[in-house]
Amino acid sequence: MDMKYCYEQSILGVYEYFKNYGKLPDIPEWNQYAYAKGYLSSISIRYISGTEFNKWCKQVKTKIDKNVEKNKLT
């Protein structure tokens with residue numbers, strides 16, 4: 001499986017997690033969720049992104065929120 005694809009799916013997975021649970025996951029929660037859904041683990045995400053997992057989650061949510069807001073129909 002292509003690592004870039006897995007990484008992009010994990011980005012969407014973090015946002016999906018937030019929408020389902022109303023909060024960003026901590027590392028144990030994410031690893032359990034990721035294993036069940038086929039996403040990358042927190043360690044893999046940290047390695048690929050070069051950013052601590054919790055900080056990465058916040059960046060992902062901010063970026064997706066901005067894109068959603070920009071694409072809303074008024």
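Biologist: How far is the sulfur of C57 from the closest cysteine sulfur?

Modeller: The distance is 17 Å, to the sulfur of C6, which is too far for a bond. A disulfide here means a pair of cysteine sulfur atoms within 2.5 Å. Searching the whole structure gives 0 disulfides.

Biologist: Is C57 buried or exposed?

Modeller: C57 counts as buried because its relative accessibility is 1%. Buried is under 20% relative accessible area, exposed is over 50%, and partly exposed is in between, with a 1.4 Å probe and protein chains only. C6 is buried too, with a relative accessible area of 12%.

Biologist: Before we go on, what are the ground rules?

Modeller: This is a predicted model, where local features need pLDDT of at least 70, side-chain atom pairs count only at pLDDT 80 or more, and totals for chains, interfaces and linings use all residues. Residues are numbered from 1 along each chain as its sequence is written, and side-chain values use heavy atoms, with hydrogens and water left out.

Biologist: Fine. At what angle do α1 and α4 pack?

Modeller: The angle is about 80°, with the axes of α1 (residues 3-21) and α4 (residues 53-71) 10 Å apart. Helices are DSSP runs of H or I with at least four residues, numbered from the N terminus. Axes are lines fitted to C-alpha atoms, for helices over the stretch in contact, and angles run from 0 to 180 degrees between N-to-C directions. The pair is therefore roughly perpendicular, a label for 65 to 115 degrees; under 35 is roughly parallel, over 145 roughly antiparallel and the rest oblique.

Biologist: Which residues of α1 and α4 meet?

Modeller: From α1 there are Y7, S10, I11, V14, Y15 and F18, and from α4 W56, C57, V60, K61, I64, D65 and V68. By class, that contact of α1 with α4 has 10 nonpolar, 1 polar and 2 charged residues. Contact means heavy atoms within 4.5 Å. Ala, Val, Leu, Ile, Met, Phe, Trp, Tyr, Cys and Pro count as nonpolar, Asp, Glu, Lys and Arg as charged, and the others, Gly among them, as polar.

Biologist: Next, α2. Which residues of α2 are buried?

Modeller: In α2 (residues 27-37) they are W30, Y33 and A34. They cover an arc of only 100° around the axis, so they lie on the same side of α2. The arc is that of the directions from the helix axis to the C-beta atoms.

Biologist: What covers the buried residues of α2?

Modeller: The cover includes α1, α3 and α4. On the face of α2 turned away from the buried side are the exposed residues P28, Q32, Y35 and A36.

Biologist: And E29, what does E29 contact?

Modeller: Apart from neighbours within four places in sequence, E29 contacts Y17, K23 and L24. E29 belongs to α2 and is partly exposed, with a relative accessible area of 26%.

Biologist: Last one: where is E16?

Modeller: E16 is in α1, partly exposed at 28% relative accessibility. Leaving aside neighbours within four places in sequence, E16 is in contact with Y33, K37 and Y39.

Notes. Helices (H or I, at least four residues) and strands (E, at least two) are DSSP runs, numbered from the N terminus.
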